[in-house]
Amino acid sequence: MTHPHDRALPRAVRQSMPMARDVLVEVAKQHGVCIRPIPLKRLDTYTGKWEIIDVPCGATFDSKCPPCAKRNKQLRKAQCREGWHLDAEPAITPDEPNEEQRWLVEFRADVHAQREAAEKAGHETAELDELISGLDEEINAAGMRGNVLGRTAAKRSRSTRRRQDAPDLPKRKMAHTTLGRTFQGSDGKVYRPSLFVTLTLPSYGKVRDGVPLYPDAYDYRRAARDALHFSKLVDRFVQNLRRVAGYDVQYFASVEPQKRLAPHLHMAIRGTLPRAEIKQIAAATYHQVWWPQANEVRFDADHLPVWDEQAGYLDPATGEVLPTWDEALDAIGEDAEPLHMIRFGEQIDVQGVLAGTPDADQCIRYLSKYLTKSLGDALDGGQAQREHAARMLDALRYEPCSPTCPNWLRYGVQPKGAKSGMQPGRCRGKAHKPDHLGYAGRRVLVSRKWSNKTLAEHKQDRRTWVLEALGQTDGPTDPHRYIWRPVPAGDANVPPLAARLLRSVHERQRWRAHLRELEARAAGQDLSATEDMARAA
Ligand SMILES: [Zn+2]
Ligand SMILES: [Zn+2]
């Protein structure tokens, strides 16, 4: 056996040996162990002992922690399956917040205070802002709805005059149900049909294999703006769908990248409507973006607005104060055109699906297919596709992604919440990043009454199941037993990551062995459910 410390070994041979540390990460991944765990301090109030506990990073779709991304995908599948063909109204009563949820909100409060203090002291807050938006996502991921701050801005009263016309669509009387119709076969069997719908954005120019045939003629600006506002279009579609269907339609949808890098949507819908109606709704659905103009560049290169503590951003040549966001909105004339109008393309696919059929399973797999990938990951078509993505990013670079986007300065408007140091082309918003390609919204959209369970409850199910399988349940656990606290960066009590991974891999191996034993004992029974759960655990 050759040993890497053997000095007689040629360098090339030594270098061909894998690094033990890399192998550890690979093994951790194979065991489904989070490779970027977040250490937390936990006080056991029964014993009075503090312990460092690793919680999984919980990555939803990022390649930096494949095990968490994969686990999340399994959970989403379970959630999708659960709600699609419900035959009884889900009970919607908010649950008591659990320990994790309370802790997240407490932590959010601490960071909020830090941010306020930093702002008051005139310090940079960008990092805290990032942390806050990350925490807000975590808060939702932990099964809490909405934002801790509630609706952060009062709705502008003036913009209501721009109410978008309700499209000319049939309307049914609203029934107070979330369930679709059922049909009875001649044999008395009850069928519960549902829909699987795919909605796509329009063409921006001819493409082959996801790459524009004539890049110069490809409408990148339209593609960029459509991606930025895609989620609004989806919201409108759902509103119109409910109006036409006449019941409280529930859906589970995922936003996925197409090869041409445009987002598109797969949607499982509970209940059924005639296909022609779905197509009619999609064709009639549109969203108008009533933002200030962003077509005419007013400031560029060295000629950029300058910051003044009192007045905000000024024209560097004339000293004229640029209109604030609200002023710019108010200045949009009665007969103005919207900055952008987005609609679906003609490629609409509607499929009828019956509960419990292989078709339904296939659709669920399809819905979760891309959940471990970011939009930019659709890039596998080589050089031409990378160039296509680069042009798309260029088009996005100066597009305002939101009212607070620094890019507004380029078009002569102060971004909402303007502060010093803003520079067009340097927005840190997700939408401008290669991973997102304009779409910064959620990847999974689940309506509130989809199933009886939140994602957090699905997680809990999984945990309970594993513990039961291991014979480790000893009655309900006391929710007040543990107190959790964040661990400051560089805390000497936290063992190095490698040591923590080793421990997790060991635990995982013990578990797996135990599960295999149980399975062997249960041989002969239907194990598919067991396998599903084990994979998700
Ligand atoms: Zn992870
Ligand atoms: Zn931006």
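At what angle do helix H6 (residues 220-245) and helix H7 (residues 275-284) pack? In this predicted model, the angle between H6 and H7 is about 140°, and their axes lie 9 Å apart. H6 and H7 are therefore oblique to each other, since an angle counts as roughly antiparallel when it is over 145 degrees. As for handedness, the crossing of H6 past H7 is right-handed. If you want to find this contact in the viewer, look on H6 for Phe237, Asn240, Leu241 and Val244, and on H7 for Glu277, Ile278, Ile281 and Ala282. Sorted by class, the residues where H6 meets H7 are 6 nonpolar, 1 polar and 1 charged.

Let's turn next to another pair of helices. Helix H3 (residues 66-84) and helix H9 (residues 358-368) have axes that come within 10 Å, crossing at roughly 140°. H3 and H9 are therefore oblique as well, and they cross in a right-handed sense. From H3, the contact draws on Lys73, Lys77, Cys80, Arg81 and Trp84. H9 contributes Ala360, Asp361, Cys363, Ile364, Arg365, Leu367 and Ser368. The class tally for H3 with H9 is 6 nonpolar, 1 polar and 5 charged residues.

Now move to helix H4 (residues 99-120) and helix H5 (residues 126-141), whose axes come within 10 Å and cross at roughly 160°. Because of that angle, H4 runs roughly antiparallel to H5. The crossing of H4 past H5 is left-handed. On the H4 side you will find Leu104, Val105, Phe107, Arg108, Val111, His112, Gln114, Arg115 and Ala118. Facing them on H5 are Leu128, Asp129, Leu131, Ile132, Leu135, Asp136, Glu138 and Ile139. Taken by class, the contact between H4 and H5 holds 10 nonpolar, 2 polar and 5 charged residues.

Our last stop is a metal site. Which residues of the protein hold the zinc ion (ligand 2) as donors? They are Cys401, Cys405 and Cys427, each through SG, together with His432 through NE2. These donors lie 2.1 to 2.3 Å from the zinc ion. The angles among the 4 donor atoms run from 102 to 115°, and the site of the zinc ion is tetrahedral. For comparison, the ideal angle for four tetrahedral donors is 109.5 degrees.

Definitions and conventions:
Residues numbered from 1 in each chain as written. Chains lettered and ligands numbered in written order. Predicted model: local features only at pLDDT ≥ 70, side-chain atom pairs only at ≥ 80, totals over all residues. Heavy atoms only, no water. Axes fitted to C-alpha atoms, helices over the stretch in contact; angles between N-to-C directions. Helix = DSSP H or I, 4+ residues; strand = E, 2+ residues; numbered from the N terminus. Parallel < 35°, antiparallel > 145°, perpendicular 65-115°, else oblique. Left-handed = near helix turned anticlockwise from the far one by under 90°. Contact = heavy atoms within 4.5 Å. Nonpolar A, V, L, I, M, F, W, Y, C, P; charged D, E, K, R; others polar. Donors = N, O, S within 2.8 Å, 3.2 Å for Na, K, Ca; no water. Tetrahedral: all angles 85-135°; square planar, octahedral: opposite > 155°, others 65-115°.
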